[in-house]
Amino acid sequence: MKPAFFGINAAQAGLFLAALLAVPHLLPNEYYLSICILGCLSAVIAVGLNLLMGYAGQISLGHAAFYGMAAYATAIATTRFSLPIPVGMALGVLLSVAVAWIVAAPTLKLRGHYLAMATLGFGIIVSIVFNEAVDYTGGPSGFVGIPRLSLAGYDFASDLSYYNLMAVVLALVVLMSLNLMRSRTGRALRALHVSEKAAASLGVDIAAHKRFVFVLSAGLAGLAGVLYAHYLSFIAPASFGFSFSVQLVVMVVLGGMASVWGSVAGAFFLTALPEALREFEDIDILVYGAILVLTIMFLPDGLAGGLSRLARRLRRSGGAS
Amino acid sequence: MLSGAPQYLVSGLTQGAAYGLIGLGFTMIFNTTGIINFAQGEFVMLGGMLAVWFAGSGLPLVAAVLCACAATAVVGALMERLTIRPLAGAPAINAVIITIGVSILLRGGAMLAFGKDTVVLPAFSGVTPIMALGAAIQPQSLWVLAVTLALLAALKLFFTATLQGKAMLACACQKKAASLVGISVARMALLSFGISGLIGATAGAILAPITMTAYDVGMMLGLKGFAACILGGLGNPFGAAAGGLVLGVLESFGAGYVASGYKDAFAFIVLLLLLFVKPSGLFGKAGVERV
Amino acid sequence: MRLRAAALAVCAAILSALPAFAADPVRLGAVLSVTGPASFLGEPEKNTIQMEADKINAAGGVLGRPLEVVILDDETDVNKAVLATDRLLKKERVSAILGPTTSGNSLAVMGKAAAAKTPIISCSAAEKITKPVNPYIFKVAPSDRLAVARILAHAQKQGYKKLAILTVSDGFGQAGREVLKELVPAQGFELTADEVFGPKDTDMTAQLTKIQGTSPDAVICWGTNPGPAVVAKNRVQLGIKTPLYMSHGVASKKFIELAGDAAEGLLLPAGKITAAEKLPDSDPEKALLTAYTKAYGEKFNAPVSTFGGHGYDSLHLAVKAIEAAGSDKPEAIRDALEKTKAFSGIGGVFTYTPEDHAGLGPDAFIMLGIDKGDWVVIGE
């Protein structure tokens, strides 16, 4: 463990936070702030999912379920049981963590496409529960009246205050992930990605490490979930279905596997893209699909890889001139 | 008087045969390329929508269905040629994301070309149900089952009696060895996408008279097909067909005897439990991993 | 998904003809589910709003100013509906919002519009939208309660005692199911079965077989296409003779087309627009309804639906309120909307009061039957 790395990480995350906090002052219109908030929420989940997919090499096609169950948990706790918001949020994240802990043991034994199927099936089962447990979740038409976030007497009523909060949360999550990957655990995770047998032979407890990273990423999804519920004040099962799980995976891959910054970029890119494509009217869906396909074809290592290659090329041409 | 069980069984088998065909498509592509094709469900959608479109433009029903299947096979082959082959060497997950992108394109294209309405294809031979063993059977159900069996038999023949089929099997077993003995793995991938498109479209076209179809039916059917081929054991075409039948019957009995709202959950819970006990599906071989 | 270009073109044409017209446009916004699962609702709404806005502009606009409607597609996605509403409120600065199309999206964006003190005229049906009354939120789609009441009144007359319900597990079906589970027992019927199917399900024989086992006098199916068409087909396939009621969710020719012969003899409550030409000539709404039917059919080469009517009603209610208020200030529109009296729209006759922002009475629905592939109006 080299403390110098953590200094670099902290500096990077600090710069990132400063950049995020500057964004609202550069936006021409407050409307773009809502996109940024949703982008931050997706980025928190994507960074967590990347720990699981990019570093540990395990896929999950059911992460929307953890996002959703935390959102519903805090929604129910703060309205039906009138619990304080921080308690509801803690319960939400705890629920995601606990469910992930239970599900991890039998699921993570599976490999490749079987693991994909198991997590997919889990996600579908959970989203059916959101739909069918009408008495608790409000069913398909959604859950109304979740209180807007207020913590320690401060009301996050304006979009700007909520965005600033999200920026801080995202920067912390990024910092945590960067540090984790530089740690012993991070190296163990990467080792088991390359070869489980080789890692095991070096004394890495495969099952425990996989479970740890699965639970961590589910917890981050849960964190995003509770923040989403108290931002929108309304949640519906359609937001937590298979499509969103797939979208999260696309964010991670599009951003660049095993790159924390890539996941952040992928999340913002995919959140903002449909809004940017509104100008295309009816054919926006085709443009969206084409951009997705072309990006992966021409940037096989994702936005992160593409950007760093671009930077290198610029540096080289700068040096030549 | 209708009794429950036989009716649930008939409905389940009809649905299951379609899931099996879709699963079969997944398996074909997986075997030669190692990727899961998320656009498989869109092939099914195209089969149904194109059949309706061809029938609407004046072709007789049979010709319309055949044209739809052929056109979708071409779409499958084009997809491989244009989006999958250029990726050679990239990680499999990239190819999977590409298939997601292609599925968005196909869905969007179908929406713009055919509109957003649900459409229906006439049944191949009437709608007067046949009563047997206390169950009402639609003639179209028999068509679905018969076509599924015929396709399975044809595939069996293809794999055992033709050079192309044997080459494809060889690819599935060991890609490198196959290419060493002179098999073009790239051509096999192209062929498998084509056949996959054909099988998917067939499922879509024979199912359309019963279930109707629309530009957005692909995703759900694709999921069920994926579940079918995992249930049967990935890589085994006949396992996928069997997995589909099991899945269909589970759903139908789930709706009948458990709660209809939870019928999909019921099927998936059984699937998960099975995977926990048997991590490579019903008929899958446990993989041996080299260190 | 925007009308602006078209509307501006029309405006430009008029501007050149009428110099006096050179004023800032009156800006309205619309959040509609033009694509996605609810596109069957959102698309006719969008078409109708475009058509009617063009018509209003051709006739001189609103308050002597051109009318501009910014239509945004929410893809039937709640997050996109919120983003679209934000855009309309903060970037486009519209005076009022038409839509959203679905109940969930309406519930999700209500708070934002109310906070911005801008009125919303929702095209969705859920009672929660206007109950309790939020001063800024109005709706034009009739509540499910009215449709259920129509069915139950008919069932009572037939002497049915035992009813079974079969509902789709989406927002529409759930809303219907809640009202059905409340009203069926409350009006003295026995509820024998309560079954559900998924919006993408393709086979309902299992549910129907189960329902048949409880021998009801009639079955009520609550859903939107294509599910109910599958139910109708499965019913014929299983040889079930028990009468089947459908909901207003399938009150379009499309349903008859999908279900084919299986639609024969089915009954459903529907807005008058569904069978406009079948109404007696004495009906005061007939002229308006047939005119809209004709105009829509000519322009889009598609049959009208109740849903397009919601677009018509929301737009015209807003325009009428602007004219009554003599201003396009959101607050003024809200106040004028609340004073709307006996406005004859496509969905019925609207009267809003501070206590009632739903505006429609039980006469919004008539009972229709299906005979030889066409509607028949079932008398009272």
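In which loop of chain C does C:Pro100 lie? C:Pro100 sits in the loop between β3 (97–98) and α4 of chain C. The peptide bond that joins C:Gly99 and C:Pro100 is cis, with omega at about -5 degrees. This is a detail of a predicted model, and the sections below go from the confidence of that model to its chains, its helices and back to the loops of chain C.

The predictor gives the complex an ipTM of 0.89 and a pTM of 0.90. For chain A, the average pLDDT is 91, and 97% of the residues score at least 70. Within chain A, the element with the lowest mean pLDDT is helix α14 (residues 302–320), at 81, while helix α3 (residues 63–79) has the highest, at 97. For chain C, the mean pLDDT is 90, and 94% of the residues reach 70 or more. One stretch of chain C needs care: over residues 11–21, pLDDT stays under 50. The model has 11 contacts beyond four places in sequence for that stretch. Where pLDDT is low, the predicted coordinates should not be read in detail.

Now consider how chain A meets the other chains. On the side towards chain B, 32 residues of chain A are in contact with 36 residues of chain B. The elements of chain A that give two or more residues to this side are α5 (112–132), α9 (196–201), α11 (242–255) and α13 (284–298). Of these, α5(A) gives the most, with 10 residues. By type, the residues of the side of chain A that touches chain B divide into 24 nonpolar, 4 polar and 4 charged.

Chain A also touches chain C, where 24 residues of chain A are in contact with 24 residues of chain C. On this side of chain A, at least two residues each come from α2, α5 and α12 (260–276). The largest share is that of α2(A), with 4 residues. The side of chain A that touches chain C is made up of 11 nonpolar, 8 polar and 5 charged residues.

The next topic is how helices pack within a chain. Two packed helices are described by the angle between their axes and the distance between the axes. In chain A, helix α2 (residues 31–55) packs against helix α7 (residues 159–182) at an angle of about 15 degrees, and their axes are 9 Å apart. Because of that angle, α2(A) is roughly parallel to α7(A). The crossing of α2(A) with α7(A) is left-handed. The residues of this contact divide into 21 nonpolar, 2 polar and 1 charged.

Helix α1 (residues 4–33) of chain B and helix α9 (residues 218–232) of chain B pack at an angle of about 75 degrees, with 7 Å between their axes. That angle makes α1(B) roughly perpendicular to α9(B). On the α1(B) side, the residues that meet α9(B) include B:Tyr19, B:Gly20, B:Gly23 and B:Phe26. Among the residues they meet in α9(B) are B:Leu221, B:Gly222, B:Gly225 and B:Cys229. The contact of α1(B) with α9(B) has 7 nonpolar, 7 polar and 1 charged residues.

Chain C can be read as two domains. The domain assignment gives domain 1 as 4–143 + 289–364 and domain 2 as 144–275 + 367–378. The C-alpha centres of the two domains of chain C lie 30 Å apart. Where the domains touch, 21 residues of domain 1 are in contact with 19 residues of domain 2. On the domain 1 side, the elements that give two or more residues are α4 (103–115) and α11 (306–325) of chain C. The residues of that side divide into 12 nonpolar, 8 polar and 1 charged.

The peptide bond from C:Asn225 to C:Pro226 is cis, with omega near 0 degrees. C:Pro226 is in the loop between β8 (218–222) and α8 (227–237) of chain C. In the loop between α3 (78–91) and β3 of chain C is C:Arg93. Its phi is near 50 degrees, which is a positive value in a residue other than glycine.

Conventions:
Residues are numbered from 1 along each chain as its sequence is written. Chains are lettered from A and ligands numbered from 1 in the order in which they are written. This is a predicted model: local features need pLDDT of at least 70, side-chain atom pairs count only at pLDDT 80 or more; totals for chains, interfaces and linings use all residues. Axes are lines fitted to C-alpha atoms, for helices over the stretch in contact, and angles run from 0 to 180 degrees between N-to-C directions. Angles under 35 degrees count as roughly parallel, over 145 as roughly antiparallel, 65 to 115 as roughly perpendicular and the rest as oblique. A crossing is left-handed if the near helix is turned anticlockwise from the far one by less than a right angle, and right-handed if clockwise. Ala, Val, Leu, Ile, Met, Phe, Trp, Tyr, Cys and Pro count as nonpolar, Asp, Glu, Lys and Arg as charged, and the others, Gly among them, as polar. Domain bounds come from an automatic or database domain assignment. Two residues are in contact if their C-beta atoms, placed from the backbone, lie within 7 Å. pLDDT is the predictor's confidence in each residue, from 0 to 100.
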